[in-house]
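Hi everyone, thanks for making time for this. Please have a look at the model on the screen, and then we'll walk through it together.

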Amino acid sequence: MKKILLFLILIAILGINCSRDNDEEEINSAIIGEWNWIKSTGGFAGGTYTPESTGENRMLIISSDSIKYFTNGDLLSKIKYTIELRDIYGESHEMIVPEFLGITQFFELNENKLTLIDYCNDCFVNEYMKE
């Protein structure tokens, strides 16, 4: 009887772990695609910048392991990244972490809207819509 109970507990734990992995894969795949810039707010001056105010059309192309940054159709940079669960002030957050240079960012997905929040003081909140 104890063996059966232990077996059922083990199956339940494995099921929970698989469910979490699937949730992470869904989030990871949801950010993959082409994203058009809507606006950026923040910085030291607390400004708001849009395609209309800057004359720039920015776009991100996010794959499973890299992000390409474009401005007015020109590739500015390509970075490798991972999505990591980090403990920030006692709470766990999924974050986009660049492999080398770049700013670690929180991200939020709301239907076709991606919000990237720079993890630093006086940095920016960048909003994008999926193409």
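Let's begin with a term: a disulfide is a pair of cysteine sulfur atoms within 2.5 Å. By this rule the chain has 1 disulfide. Which cysteines does this disulfide join? The bond links C120 to C123, with 1.5 Å from S to S. The angle about the S-S bond is -115°, and that makes the link of C120 and C123 left-handed.

How open are these two cysteines? Here "buried" means under 20% relative accessible area, "exposed" means over 50%, and "partly exposed" is in between, using a 1.4 Å probe and protein chains only. C120 counts as partly exposed because its relative accessibility is 35%. C123 is also partly exposed, at 22%.

Now, two sentences on where this comes from. What you see is a predicted model, in which local features need pLDDT of at least 70 and side-chain atom pairs count only at pLDDT 80 or more, while totals for chains, interfaces and linings use all residues. Residues are numbered from 1 along each chain as its sequence is written, and side-chain values use heavy atoms, with hydrogens and water left out.

That brings us to confidence. pLDDT is the predictor's confidence in each residue, from 0 to 100. The mean for the protein chain is 83, and 79% of its residues reach 70 or more. Where is confidence lowest, and where is it highest? It is lowest in helix α1, residues 2-31, with a mean of 53, and highest in helix α2, residues 51-54, at 98. Over residues 14-24, pLDDT stays under 50, and the model has 1 contact there beyond four places in sequence; a contact means heavy atoms within 4.5 Å. Where pLDDT is low, the predicted coordinates should not be read in detail.

Next, the overall layout. Helices (H or I, at least four residues) and strands (E, at least two) are DSSP runs, numbered from the N terminus. The protein chain has 2 helices and 9 strands. Going along the sequence, their order is α-β-β-α-β-β-β-β-β-β-β. Of the 131 residues in the chain, 27% are buried. Among contacts between residues at least 6 apart in sequence, 33% join residues at least 24 apart.

A45 lies in the loop between β1 and β2 (47-49). A45 is exposed, because its relative accessible area is 70%. A45 and D122 are 77 residues apart along the chain, yet their C-alpha atoms are separated by 8.3 Å.

T104 sits in the loop between β6 (91-98) and β7 (105-110), and T104 is buried, with a relative accessible area of 15%. Leaving out residues up to four places away in sequence, T104 touches R86, M95, I96, V97, P98, I117, D118 and Y119. T115 is in strand β8, and T115 is buried too, at 10%. With the sequence neighbours up to four places away left out again, T115 touches F106, F107, E108, V125, N126 and E127.

Y128 leads us to the largest pocket. On a 1 Å grid over the protein atoms alone, a cavity is a set of points where a 1.4 Å probe fits but cannot get out, and a pocket is an open set with protein on both sides within 12 Å along at least five of seven lines; lining residues have an atom within 4 Å of a point. How many residues line the largest pocket? There are 21, and R58, Y69, Q105, N126 and Y128 lie nearest its centre. Elements giving two or more residues to this lining include β3 (58-62), β4 (66-71) and β9 (124-130).

Most residues other than glycine have a negative phi. Y89, in the loop between β5 and β6, has a positive phi near 50°. E111, in the loop between β7 and β8, has a positive phi of about 55°. Y89 counts as exposed, at 79% relative accessibility, and E111 counts as exposed at 76%.
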